[in-house]
Amino acid sequence: MSPRRVPLRAVAALFLERQHLDRPREQRLTAPRLLRFVEDTGGLQIDSINVLDRAHYLTVWSRFGSYDRSAFDRFAYHRRLLFEYWAHAACFVPTSDLPMWRRAMLDYAVRHTGWSRFLKRNSRVVDTVEQALRERGPVGNADFQHARRGATSGWWSWKPATFALHWLWMTGRALVHSRTHFQKRFDLAERVIPSIGEIEPPPPGEFLRWHLRRGLHAMGAATELDLRMYLTFPRLEVGARREALRSMLDSGEVVEIAVEDDGARGPGGGTARNGAGRSARWLVLAEDLPALASAGRRRFPSRGTTLLSPFDSFLWHRDRTARLFGFDYRIEVYTPGHKRVHGYYSLPILYDGLLIGRLDAKNHREQRRLEVRSVHFEPWFSGVGRAQALRRAAPDRAAALEGLGEALRDLAAFVGAESVALGRVAPRAMAGALRSELRRGGAVAASPG
């Protein structure tokens with residue numbers, strides 16, 4: 001039997017829904033909504049860059065609009081709805097998923113062979129650090145003042161106690177208790193989550209199937225490359241992954257579909273890379289077929305405007321974003337300044353389910369000013385053309401700019417800014433209209449960049 005044919009717009013619309021971007025900033029943040037969001041996406045990425053705000057705070061703002069950060073911290077660190085571990089990178093993950101992540105923690109001690117040399121040389125350090133947690137926890141890296149002789153900059157110059165803390169965390173013997181000025185403070189796992197000792201981890205095969213289900217649920221429908229690039233931890237053995245998928249297909253739990261993507265071309269005419277175009281096999285959980293069909297019938301896959309953090313789970317696999325939305329996005333924080341195209345901290349602009357551009361923003365905290373250094377609109381949005389990825393005509397530009405102005409005013413309020421400075425806009429013809437939108441509302445005024 002031939003695979004069921006599904007239009008690209010249905011896959012894109014269900015992805016937006018699973019990422020909680022179908023009605024961005026429409027609902028206020030509550031504990032149940034936060035938990036459901038992180039359960040649906042599989043993780044909320046944490047990153048240290050603070051040019052605008054921490055990545056996890058921004059990602060939550062993208063869904064819920066302005067909220068009290070202390071409420072998030074209370075849900076995560078006091079109510080323990082979430083805990084810190086690795087999923088795509090360092091993430092908050094749902095505590096409801098702890099039984100599954102226990103399998104990854106236990107396996108880390110025996111599978112991550114890169115630690116073997118360190119452990120042989122520093123077993124006493126690990127014991128000492130663990131004893132310090134037992135006697136003085138919670139403690140952080142700064143509580144261990146041993147400098148490494150001849151240290152150079154970079155991850156591998158970590159002092160031995162820092163290595164030990166990281167290894168204890170990844171193996172589940174310690175967990176992140178809290179953060180002070182964004183610095184992790186660790187404690188024994190049984191003191192952070194007392195029930196952890198009662199958890200029976202699943203067998204490796206069950207964890208692998210759960211890992212695949214988790215990725216498929218978060219994306220709605222996905223290629224095998226998407227699955228590998230979305231939840232990147234732990235790095236699963238390719239043969240075992242394929243065998244698990246084969247078993248899930250044979251049982252009917254997973255179904256193959258044929259995505260009608262017209263060569264995977266987006267609004268700008270770009271094509272999918274890494275072999276994930278027309279010939280790739282698309283997979284979906286059988287239980288999600290009705291949701292996929294429903295998503296394909298929507299006139300608008302999303303209603304509303306928001307800005308996305310560079311570390312948003314929606315962007316974890318950027319080639320997927322190009323395939324589904326025709327939006328070629330690259331994080332440029334690690335790119336030398338003279339080689340950047342769109343800016344250091346570029347935020348994609350989502351309007352009614354379309355990625356219409358991106359803007360580079362910086363929060364000047366002392367001046368209480370949000371600087372929008374540059375805005376780059378997609379050529380199809382600012383000119384003539386169709387948003388081919390979702391088979392739709394380009395949206396009304398005036399309405400889109402109104403939505404962007406409102407989103408920027410809300411972002412400014414969230415980061416504590418009293419004014420917005422607008423810099424370069426491409427194309428220049430749209431600068432005046434955007435500046436006028438920013439002046440609306442009175443509390444935040446647009447000033448020349």
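Reply: F72 touches L34, L44, H56, Y57, V60, Y67, L82 and F92, leaving aside neighbours within four places in sequence. Contact here means heavy atoms within 4.5 Å. The model is predicted: local features need pLDDT of at least 70, side-chain atom pairs count only at pLDDT 80 or more, and totals for chains, interfaces and linings use all residues. Residues are numbered from 1 along each chain as its sequence is written, and side-chain values use heavy atoms, with hydrogens and water left out.

F72 also belongs to the largest nonpolar core, which has 144 residues. Such a core is a set of buried Ala, Val, Leu, Ile, Met, Phe, Trp, Tyr and Cys residues joined through side-chain atoms within 4.5 Å. Buried means under 20% relative accessible area, exposed over 50%, partly exposed in between (1.4 Å probe, protein chains only). Among the residues with the most contacts inside this core are F72, L52 and Y85.

Now the charged pairs. A salt bridge is a side-chain nitrogen of Lys or Arg within 4 Å of a carboxyl oxygen of Asp or Glu. By this rule there are 26. R69 pairs with D53, with the closest N and O atoms 2.5 Å apart. R69 sits in helix 4 (residues 69-78). Helices are DSSP runs (H or I, at least four residues), numbered from the N terminus. R69 is partly exposed at 24% relative accessibility, whereas D53 is buried at 7%.

R63, in helix 3, bridges to D312 at 2.4 Å between the closest N and O atoms. Both R63 and D312 are buried.

Key:
Helix = DSSP H or I, 4+ residues; strand = E, 2+ residues; numbered from the N terminus.
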